[in-house]
Amino acid sequence: SPNFTGVEIVSIQVDDHRGVKSAIATRAVLLNAVNDPPSIKAPLLPTKINLNHVSFTLIPGIELDDIDDDILTLVVACTHGSLSMQRTARRTLLHWFEGDDDQGAKTLRAMAPISAWNNAL
C-alpha cells in the first residue's frame, strides 16, 4: 500500500532453465514511508471582471492534492491590488495567519486539510 511504514516479509526463489528451483529465502525488510510534496493545479490566466471601475480577478479551478493527506498551509500573494476570499469559504479553514478579513490584503495565508482547501477554492 502507498506510504506503508513497517516490516514486510520478502520471499525469494530462483530456478534454472531446466526447472530446478532453489530453496526459498525469506527476509524481513523494514520500510519507512517518505513525506511526498503536495501539488497545486492552477489555471494559466485569471478571468477579469470590471465593476464600477474596480477590477476583480477570479481564479477558478485551483486544486490542491497531497498523497499523504496532510494539513497544508497555502500562501497566495500579490504585488498590486489586494486579495480576499469569500467569508463563508474563509470560515471553513482551520487557522488563518494573514488576510482573514473583508478588507483585502497583499497576502492570504492559512492552514487547512486538503478537502477544506478544495471546497474553499
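Predicted model: local features only at pLDDT ≥ 70, side-chain atom pairs only at ≥ 80, totals over all residues.
Q: OK, what about secondary structure, how many helices and strands?
A: The protein chain has two helices and nine strands. Going along the sequence, the order is β-β-β-β-β-β-β-α-β-β-α.

Q: What share of the contacts with a separation of 6 or more comes from residues 24 or more positions apart?
A: Such pairs account for 46% of those contacts in the protein chain.

Q: Let's go inside. How many residues are in the largest nonpolar core, and which have the most contacts there?
A: The largest nonpolar core has 16 residues. M85, L93, W96 and W117 have the most contacts inside it.

Q: Which elements give two or more residues to this core?
A: Those are β7 (71-77), β9 (107-113) and α2 (114-120). The largest share, four residues, comes from α2.

Q: You mentioned L93. What does L93 touch, leaving out residues up to four places away in sequence?
A: L93 touches M85, A110, M111, A112, A116, W117 and A120. Two of these partners, M85 and W117, are also among the residues with the most contacts inside the core.

Q: Switching to charges: how many salt bridges does a search of the whole structure find?
A: The search finds one salt bridge. E98 pairs with R109, and their closest N and O atoms are 3.2 Å apart.

Q: Where do E98 and R109 lie, and what does the pair tie together?
A: E98 lies in strand β8 (residues 95-98) and R109 in strand β9, so the pair ties together parts that are 11 residues apart in sequence.

Q: What are the relative accessible areas of E98 and R109?
A: E98 has 34%, and R109 has 28%. E98 is therefore partly exposed, and R109 is partly exposed too, because that class runs between 20% and 50%.

Q: Which elements give two or more residues to the patch?
A: β1 (6-12) and β2 (25-31) do.

Q: Take I12 as an example: where is it, and what is its relative accessible area?
A: I12 lies in strand β1. Its relative accessible area is 47%, so I12 is partly exposed.

Q: How about L30, is that buried or exposed?
A: L30 counts as exposed, at 60% relative accessibility. Its place is in strand β2.

Q: What does L30 touch, again leaving out residues up to four places away in sequence?
A: L30 touches G6 and V7.

Q: One last thing, the backbone. Which residue other than glycine has a positive phi near 55°?
A: D69 has that value. D69 is found in the loop between β6 (63-65) and β7.

Q: Is D69 buried or exposed?
A: D69 counts as exposed, with 60% relative accessibility.

Conventions. Residues numbered from 1 in each chain as written. Heavy atoms only, no water. Buried < 20%, exposed > 50% of the residue type's maximum accessible area, 1.4 Å probe, protein only. Core = buried A, V, L, I, M, F, W, Y, C linked by side-chain atoms within 4.5 Å. Contact = heavy atoms within 4.5 Å. Salt bridge = Lys/Arg side-chain N within 4 Å of Asp/Glu carboxyl O.
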